[in-house]
Amino acid sequence: MLPPEIELDAELRKVVTIRACCTLRLFVPIKGRPAPEVKWTREHGESLDRASIESTSSYTLLIVENVNRFDSGKYILTIENSSGSKSAFVNVRVLDTPGAPQDLKIKEVTKSSVTLTWEPPLIDGGSKIKNYIVEKRESTRKAYSTVNANCHKTSWKVDSLQEGCNYYFRVLAENEYGIGLPVETSESVKVSERPLPPGKITLLDVTRNSVSLSWEKPEHDGGSRILGYIVEMQSKGSEKWSTCATVKVTEATITGLIQGEEYTFRVSAQNEKGISDPRQLGIPVVAKDLVIPPAFKLLFTTFSVLAGEDLKVDVPFVGRPKPAVFWHKDNVALKQTTRVNAESSENNTVLTIKEACREDVGSYLVKLTNSAGEATETLNIVVLDKPGPPTGPVKVDEVTADMTGLIENHDYEYRVSAENAAGLSEPSPPSTYYKACDPIYKPGPPNNPKVVDVTRSSVFLSWSKPIYDGGSEIQGYIVEKCDVSDGEWSICTPPTGIKNTHMEVEKLVEKHEYKFRICAVNKAGVGEHADVLDSVIVEEKMEAPDLDLDMELRKIVNVRAGGSLRLFVPIRGRPTPEVKWGKMDGEIREAAIIDTTSSFTSLVLDNVNRFDTGKYTLTLENSSGTKSAFVTVRVLDTPSAPVNLKIREITKDSVSLSWEPPLLDGGAKIKNYIIEKREATRKSYAAVVTNCHKTSWKVDQLQEGCYYFFRISAENEYGIGLPEETSDPIKVAEVPQPPGKITVDDVTRNSVSLSWEKPEHDGGSKIIQYIVEMQAKGSEKWSECARVKTLEAVITNLTQGEEYLFRVMAVNEKGKSDPRALAVPIIAKDLVIEPDVRPAFHSYSIQVGQDLKVEVPIAGRPKPTVTWVKDGQPLRQTTRVNVSDLTDLTILNIKETSKEDGGTYEITVANVVGQKSASVEIITLDKPDPPVGPVKFDEISAESITLSWNPPAYTGGCQITNYVVHKRDTTTTVWETVSATVARTTLKVTKLKTGSEYQFRIFAENRYGQSFALESAPVVAQYPYKEPGPPGTPFVTTVTKDSMVVHAGETFRLEADVHGKPLPTIKWYKGDKELEETARYEIKNTDFTVRICASNDEKSICGSWTTEGLGNYQHHKGFYDCLLEPTR
């Protein structure tokens, strides 16, 4: 038995640091007998579902692939067997972005700000938290916007928020590996605060046990709806305020007051953020009934109603106690009917008149009377009705044809009715008949006739309406022309004229001179003509192109990204010019819509972006010339990508970047740049700096040897623009350091063999090759003589006797290192070196059955001869055991090693200079030989025997761990284990049965297994002397294969070995009779033996005895004959 042990490597006793996405491997050797049970756990009970665990009797291995921040922590290993338990732990730190910050809380909310607090992340990703990033999101939006990207504390006040809006907030931690997971507010936060106090409080009413109050709403509700009002009161002499009412309206009646008691009242407003400061009633209130003289509160004293409609006159009043109300009409008490009646309440009286008529008109007196006095008020009621008919006769002062609804030249008579708010009166008597017509005249000449345009065959004319139309609508215009060469006028229009005030006169003769005149036509006829001032020569008019650029287009045209750009430019020219739109330093998008006529051109571009910024050129061209102009357009957008991103410098842990500003700044000044990095094995970028104000930056704290992408984005007031990214990943490395020490391995008359050590640092990139240079004595020039990928080189073609200097440079993908020079010059000549042999180890251990290869370095010039000797005898080489020699090595190969291969091997090297020897010991590892006998019985008693023996002659090449001792009662064939953990070569065996004969066997055991057994001679457990008295245990005098003779008068015992699985059923027979256990027969069965004991009663035991074993697969019987022999 061996208690469990854990052999924790020194590296695992430190903190195991590993980069995220890599594989964690924890290999721990263990031991224990029996093989211990292995259990891996996490300190806080985290799941190990992602872990792969492999355990054997000698080690346990835990593997976690693609680790992340959550795999950081303490891994606890517990091993346990029947001899005890053992625990150890390994601390693992995963270098990753941080976990989410903890315990995000809303500390304070105002109408324009929210103050946040939080705790650092539980997992910092193996690196110090550099800063926090605070972001906000309106609840109606999906995207977060950054509030502060460089917060160095665990709280922040987010201000400039929209009052009454709901926001979500989240906080992220950032370390040198990037931005971690966010923690977000679980619910949206409404930006509001407690309301202001309610406005002025008014005392509405007081009785002996109640008070009625009203108040105004608060000036500001704090950005959140008022949920209700809390009314509190304080009795005189008391300092305690108690809530007496909670209401949702701006008035309340407080009941249950004590008559004559004095009270003070105050009101507070409440919204979802809390309760406002209270507003207090200015004076205390005494709970008692008021006595108030009656008084009216009328706004009007005159009331109007249309005849036939109902009228309600509401007369409000005050008075305590309630006054009696009396109505009078025209100084007579009002007679109340179902149509006219009055009803009164505590604070008003209402007069109701149904279907008012002229009889209801008059003065009404209202009188109020109570114990405090009386009051009267006079009301006037007016009933509105239709007027009477107007007085005649009806006179007609003027007649025209354009009166509404009249037909010209028809005769009409007329009558008049009066109308007021109540309706129309009866009509007046009708007038005499009158005809509807106007007096009309011919129109005057058209106004301002002129020539608008001339072509080679036509003239364009325009004019305005005549100033005088003759009292009749203008029906058309007649245009006439006159060729000056013949002096005749002809009509150019149809005889009825044309409606338009412009015309193109066509089919004119080119180069001829023409005059034109225009006449207007109405119902009265053709009016006076108007002449075009000058004659016109018909010929094509040439006009150089021109354009009218609006003042707004002469400035910079600003348009927001996503909007539409519309450029409208009036143009002219004869003939109509050809229009071309262009864009400097680029092309106009295909989505642009260009429309051109003879008088204007327009360019429309929808959904503009930053790339639509620039100068738009407009060129007009015809046969008379060209005209150009440009419009500068600035699209207000985020910037375009920075340009000319370059890698200026690379070291083993940093990269220096430089770039130039974007070509398009988005119409606003560049505020700053954002630098980001991404490992080539990852997909997401991490911010390096978010507030860079220059066009260069050194990105440090990079992982040496890793590949990174970098990108730069510019930011203006409209947001973060497009990124510029490195096209290929950048390896964080530099030129290596110089190679290590250079050694001269060999020199001949024409060559030199050199070797060197690797550089202390490869610069973060794999060494590609080494360059060897040499310099002949007297020369200043270094020439390359070799390029190799290993740490050695042979330089040939040297001149015998010449002296040379050598130096070596390491090369990686970043360039050449500084050279490392050989300290002394080398002369090219053959060397004579004394032989040497230096084994790396003095002994080699190998398990029997495995192959062994022993390499022993040798040296010497010329090459020495090598001789191997084993245990003083020359080594006999076979196909299994042989030696091979190289230039600098001699190698012993032994296949399928046996224990006979163990021993001392001597190696001798010799050449003309001398001789040298060295020796190595080969230890073969195997199960040990049996212990050396004989087994000695040092002490014997009736219940114990002390054994001793000698250790094995061959221990198996390692220490004997323990001995295993077995015993056997010689009456059986079954061996029992006495002890399996005997450390010494002696053991006292106890609990033996007195008088029984035993045999013992001993095994030696080492780490490779158990030896064969050393068996002892039989020995009886008894004292070396005998006590006097009756005979002891009966014994058999004669035994044959199937019978035995027993002494008469003694107990008879019969025992047999049993084997079988499952255990067979055992039955005993004497003759043909099956025996059962009784007082005379004692039957005992074990897993290996069956036994029956019978009292020897005269000759009853004589006869044939049978035992029968019944199993699942076989059936066995044993037969025994018993003879009785008289007692001696």
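Predicted model: local features only at pLDDT ≥ 70, side-chain atom pairs only at ≥ 80, totals over all residues.

Trainee: Which residue does Lys 899 pair with?
Mentor: Its side chain meets that of Asp 929 in a salt bridge, with 2.9 Å from N to O.

Trainee: How accessible is Asp 929?
Mentor: Asp 929 has 23% relative accessibility, so it counts as partly exposed.

Trainee: Which residues are joined into a network by salt bridges that share partners?
Mentor: Glu 543, Asp 546, Asp 548 and Arg 572 are linked that way into one network.

Trainee: How many salt bridges turn up in the whole structure?
Mentor: The search finds 37. Among them is the one between Glu 7 and Lys 31, at 3.7 Å from N to O. That pair links distant parts of the chain: Glu 7 lies in the loop between strand 1 (2-6) and helix 1 (10-13), and Lys 31 lies in strand 3 (residues 24-33), 24 residues apart.

Trainee: What about accessibility for Glu 7 and Lys 31?
Mentor: Glu 7 is partly exposed at 41% relative accessibility, and Lys 31 is partly exposed with a relative accessible area of 39%.

Trainee: What does Glu 855 form a salt bridge with?
Mentor: Its partner is Lys 853, and the closest N and O atoms are 3.6 Å apart. Glu 855 is partly exposed, at 36% relative accessibility.

Trainee: Switching to the surface, which residues form the negative patch?
Mentor: Asp 653, Asp 700, Glu 704 and Asp 762 make up that patch. Asp 762 sits in the loop between strand 64 (752-756) and strand 65 (769-776).

Trainee: Why does Asp 762 count as partly exposed?
Mentor: Because its relative accessible area is 32%, and the partly exposed class runs between the buried cut-off of under 20% and the exposed one of over 50%.

Trainee: Okay, and what forms the nonpolar patch?
Mentor: Three valines, Val 832, Val 912 and Val 913, with about 300 Å² of accessible area together. Val 913 is in the loop between strand 79 (903-910) and strand 80 (915-925), and at 39% relative accessibility this valine is partly exposed.

Trainee: New topic: which residues does UniProt list as Ig-like domains?
Mentor: An unreviewed UniProt entry gives 4-93, 294-382, 545-632, 835-919 and 1034-1128. In the model, residues 4-93 are 4% helix and 60% strand, with the end C-alpha atoms 28 Å apart. For residues 294-382 the figures are 0% helix and 63% strand, with 27 Å between the end C-alpha atoms.

Trainee: And where does UniProt place the Fibronectin type-III domains?
Mentor: The unreviewed entry has that feature at residues 100-194, 197-290, 445-541, 641-735, 738-831 and 931-1024. Residues 100-194 are 0% helix and 55% strand, and the end C-alpha atoms there are 32 Å apart. Residues 197-290 come out at 0% helix and 50% strand, with the end C-alpha atoms 30 Å apart.

Definitions and conventions:
Residues numbered from 1 in each chain as written. Heavy atoms only, no water. Patch = residues over 30% accessible without salt bridge, like charges linked within 9 Å, V, L, I, M, F, W, Y side chains within 5 Å. Areas by Shrake-Rupley, 256 points an atom, 1.4 Å probe, with all protein chains shown as cover. Salt bridge = Lys/Arg side-chain N within 4 Å of Asp/Glu carboxyl O. Lys, Arg positive; Asp, Glu negative; His and termini not counted. Charge placed at Lys NZ, Arg CZ, Asp CG, Glu CD. Helix = DSSP H or I, 4+ residues; strand = E, 2+ residues; numbered from the N terminus. Buried < 20%, exposed > 50% of the residue type's maximum accessible area, 1.4 Å probe, protein only. UniProt positions renumbered as here; feature names shortened; annotations may be inferred.
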